[in-house]
Amino acid sequence: MADKDGMILAKDYGLDRPPVTEAFHVKGMDHVDWGMKDRLSRIFRPETGKTVMLAFDHGYIMGATAGLERLDLSINPLAPYADALMATRGAMRSCIAPNHNKPVILRATAGSTVLKDDLSWEVSGIDIDDAIRINASCLAVQAFVGADGECRSLENIVRTVDKGARYGIPTLGVTAVGKEMERTTRYFMLATRVLAELGTHIVKTYYCDEFDKVTAACPVPIVVAGGKKTSEMDALTLTYKAIQDGAAGVDMGRNVFQSDCPVGMLRAISAIVHDGLTPPQGFDLYQSVKSQLA
């Protein structure tokens with residue numbers, strides 16, 4: 001216990017300065033709890049307010065996707081260059097080294113495989129206790145707005161938001177687009193706004209025309225999905241356009257791990273998101289890394 005003798009009296013109470021207050025760097029999250037802000041700060045870099053997620057949760061419905069046949073060989077070398085890892089608990093526990101110290105966005109729903117035509121009838125796929133055991137920084141839930149299973153998927157959203165909120169774990173809502181669902185500005189404005197209104201802290205969606213309207217109408221950060229494999233320049237251009245139109249980051253999977261230089265591609269994407277590189281500059285970086293690793 002401190003001895004009262006010899007104690008120096010406090011003198012600087014800063015009476016001439018107002019309390020320091022600052023806006024939180026993640027859109028719409030000024031009023032959430034400290035623990036949730038801490039987790040969001042691991043996902044979104046405080047210096048830029050943006051993120052580059054590496055998605056490799058495809059196997060939960062697609063099986064051994066090309067480029068993900070051996071997760072230990074394909075993902076562990078990429079992890080240092082991503083801001084966050086989006087995966088299933090099985091993949092994390094069996095294949096991914098726990099010393100990367102990257103925030104985990106944990107796939108929290110389960111559903112039909114690609115052998116079925118209708119994938120919209122997903123269910124809650126993980127207990128909150130197990131999410132905590134795996135040290136998840138976020139829970140990812142798919143929403144099928146406009147599909148037959150819409151109501152069930154939205155119920156999965158609100159239940160996950162409630163479970164995560166008890167422990168300060170944010171929820172990421174994913175706008176799934178099936179074969180019969182449109183990919184229009186009107187649709188994405190509806191779907192992203194609905195997920196935010198139901199309490200998700202981050203929304204993942206696809207890029208579309210007039211995307212700046214989609215991001216403006218959504219009160220929480222939007223992260224753009226990379227989608228199917230395209231050319232490297234097309235993927236870098238998508239990244240650039242998304243950020244210019246107000247996205248808070250991208251969640252890339254196949255355009256990274258199916259590239260002929262995944263490390264170079266991920267580094268180029270990150271440089272566009274965080275450093276403001278243009279697509280040609282990002283492509284030059286990709287080629288430079290590719291030549292170095294050849």
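This is a predicted model: local features need pLDDT of at least 70, side-chain atom pairs count only at pLDDT 80 or more; totals for chains, interfaces and linings use all residues.
The buried residues of α6 are S153, L154, N156, I157, T160, V161 and G164. Viewed down the axis of α6, these buried residues lie within an arc of 150 degrees, so they line one face of the helix. An α-helix has 3.6 residues a turn, so residues three or four places apart point the same way.

The length of helix α6 can also be checked. Its 16 residues (residues 150-165), at 1.5 Å a residue, should span 22 Å, and this agrees with the 23 Å between its end C-alpha atoms.

## Packing of helices α9 and α11

Two packed helices are described by the angle between their axes and the distance between the axes. For helix α9 (residues 232-244) and helix α11 (residues 262-275), the axes come within 9 Å and cross at roughly 25 degrees. Angles under 35 degrees count as roughly parallel, and therefore α9 is roughly parallel to α11.

The crossing of α9 and α11 is right-handed. On the α9 side, the contact is made by E232, A235, L236, T239, Y240 and I243, and on the α11 side by M265, A268, I269, I272 and V273.

## Residue S288

Helix α12 (residues 279-293) contains S288. Because its relative accessibility is 31%, S288 counts as partly exposed, a class that lies between 20% and 50%. S288 and A268 are 20 residues apart in sequence, and their C-alpha atoms are 9.9 Å apart in space. A268 is also one of the α11 residues in the contact with α9.

Conventions: Residues are numbered from 1 along each chain as its sequence is written. Side-chain values use heavy atoms; hydrogens and water are left out. Helices (H or I, at least four residues) and strands (E, at least two) are DSSP runs, numbered from the N terminus. The expected span of a helix is 1.5 Å times one less than its number of residues. Buried means under 20% relative accessible area, exposed over 50%, partly exposed in between (1.4 Å probe, protein chains only). The arc is that of the directions from the helix axis to the C-beta atoms. Axes are lines fitted to C-alpha atoms, for helices over the stretch in contact, and angles run from 0 to 180 degrees between N-to-C directions. Angles under 35 degrees count as roughly parallel, over 145 as roughly antiparallel, 65 to 115 as roughly perpendicular and the rest as oblique. A crossing is left-handed if the near helix is turned anticlockwise from the far one by less than a right angle, and right-handed if clockwise. Contact means heavy atoms within 4.5 Å.
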